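Hi,

Here is the structure we talked about. Please open it first, then read my notes below.

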Amino acid sequence: MANRFEGRVAVVTGASRGIGYQVAKGLAAEGAHVVAIARTVGGLEDLDDEIQAAGGSTTLVPLDLTDMDAIDRLGAAIHERWGKLDVLIGNAGILGVLSPLGHISIKDWDKLMAVNVTANWRLIRSLDPLLRTSDAGRAAFLSSGAAHKCRPFWGGYSVTKAALEALVRTYAAETASGTVRANLVNPGPMRTAMRAKAMPGEDPQSLPEPAELVGPLLDLVAPDFNETGKLYDFPTRTLIEYTSMV
Ligand code: NDP
């Protein structure tokens, strides 16, 4: 179990803090070479220090995921260096502004869609050939309970997570007959900067730490995990099958 990812290459977006940081550390601890993506160089360097101190290895890629051409270049660079990709963790996301739909600025809406949806589509578009080249390409994307709840003022964020789920389920269906597997994860409330922004009055100590999610999430991207197009719900520790409404 300890070296399930030995010799494997993993991309983790949003690796500078929060859930992505811990997942990147977990993958490296089990032998993966982690390509760590985020904008904050300091956070990526802290991750690199921790991983190297534990005997692991990383490639740091300071990148703004709204730079779609850079996502294409990432695919080309991974192809040149490793010729394949084994794991993609589409974790980076933003909350946007919590407000009534009609009050969201066009700029904020466009940014939410760009980071939470379009960047993940561009990652799939750029990295799919590399995942297919792996003997067991695995992808997991971070969704949210908000994708299904449609609460007032959470509209922008909810719409992006619902779209992400449709995107990943479609990708899973398109790859089901091959060796690639793609799933979604609802982490539930986690002790991170995003959650603190969403719920400023909440005691962070009452929430699980991102490190607690790492084991279950790594199980979803391990080579022997064969389910696809499902949603792993961390609060209930359940792998949920989507059911068709028609
Ligand atoms: P954080 O805000 O703690 O971390 C978000 C990460 O995404 C950071 O590493 C950030 O890096 C990166 N990121 C944001 N924008 C960009 C960008 N434009 N380009 C590159 N990287 C970017 O969030 P969490 O760890 O809490 O959330 C991780 C995922 O889990 C998200 O998709 C979120 O929606 C989801 N989630 C979280 C929940 C929670 O309670 N925490 C609940 C449900 C879902 P940087 O700023 O350095 O670029």
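For the charge count, Lys and Arg are taken as positive and Asp and Glu as negative, while His and the chain ends are left out. On that basis the protein chain carries 24 positive and 28 negative side chains. The centres of the two sets lie 4 Å apart. Keep in mind that this is a predicted model.

Overall fold

The protein chain has eight helices and eight strands. Its radius of gyration is 17 Å, close to the 18 Å from the globule rule for 246 residues, so the chain is as compact as a globular protein of that length. Along the principal axes, the C-alpha atoms fill a box of roughly 45 × 45 × 35 Å.

Of the 246 residues, 52% count as buried. The chain exposes about 11300 Å². Carbon and sulfur atoms supply 54% of that area. Take the contacts with a separation of 6 or more: residues 24 or more positions apart account for 70% of them.

Salt bridges

Side chains of opposite charge can pair when their charged atoms come close. A search of the whole structure gives 13 salt bridges.

- Lys-25 with Glu-50. The N to O distance is 2.9 Å. Lys-25 sits in helix 1 (residues 18–29) and Glu-50 in helix 2 (residues 41–53), so this pair ties together parts 25 residues apart in sequence. Lys-25 is partly exposed, at 28% relative accessibility. Glu-50 is partly exposed too, at 37%.

- Asp-72 with Arg-122. The N to O distance here is 2.9 Å. The pair links distant parts of the chain, 50 residues apart: Asp-72 is in helix 3 (residues 68–81) and Arg-122 in helix 4 (residues 106–133). Asp-72 is partly exposed, with a relative accessibility of 29%. Arg-122 counts as buried, at 14%; the cut-off for buried is under 20%.

- Asp-86 with Lys-84. The closest N and O atoms are 2.8 Å apart. Is Asp-86 buried or exposed? Asp-86 is buried, with a relative accessible area of 0%.

Salt bridges with shared partners join Arg-8, Lys-84, Asp-86 and Asp-135 into one network.

Best wishes

Conventions. Residues numbered from 1 in each chain as written. Predicted model: local features only at pLDDT ≥ 70, side-chain atom pairs only at ≥ 80, totals over all residues. Heavy atoms only, no water. Helix = DSSP H or I, 4+ residues; strand = E, 2+ residues; numbered from the N terminus. Rg over C-alpha atoms; globule rule 2.2 N^0.38 Å. Buried < 20%, exposed > 50% of the residue type's maximum accessible area, 1.4 Å probe, protein only. Contact = heavy atoms within 4.5 Å. Areas by Shrake-Rupley, 256 points an atom, 1.4 Å probe, with all protein chains shown as cover. Charge placed at Lys NZ, Arg CZ, Asp CG, Glu CD. Salt bridge = Lys/Arg side-chain N within 4 Å of Asp/Glu carboxyl O.
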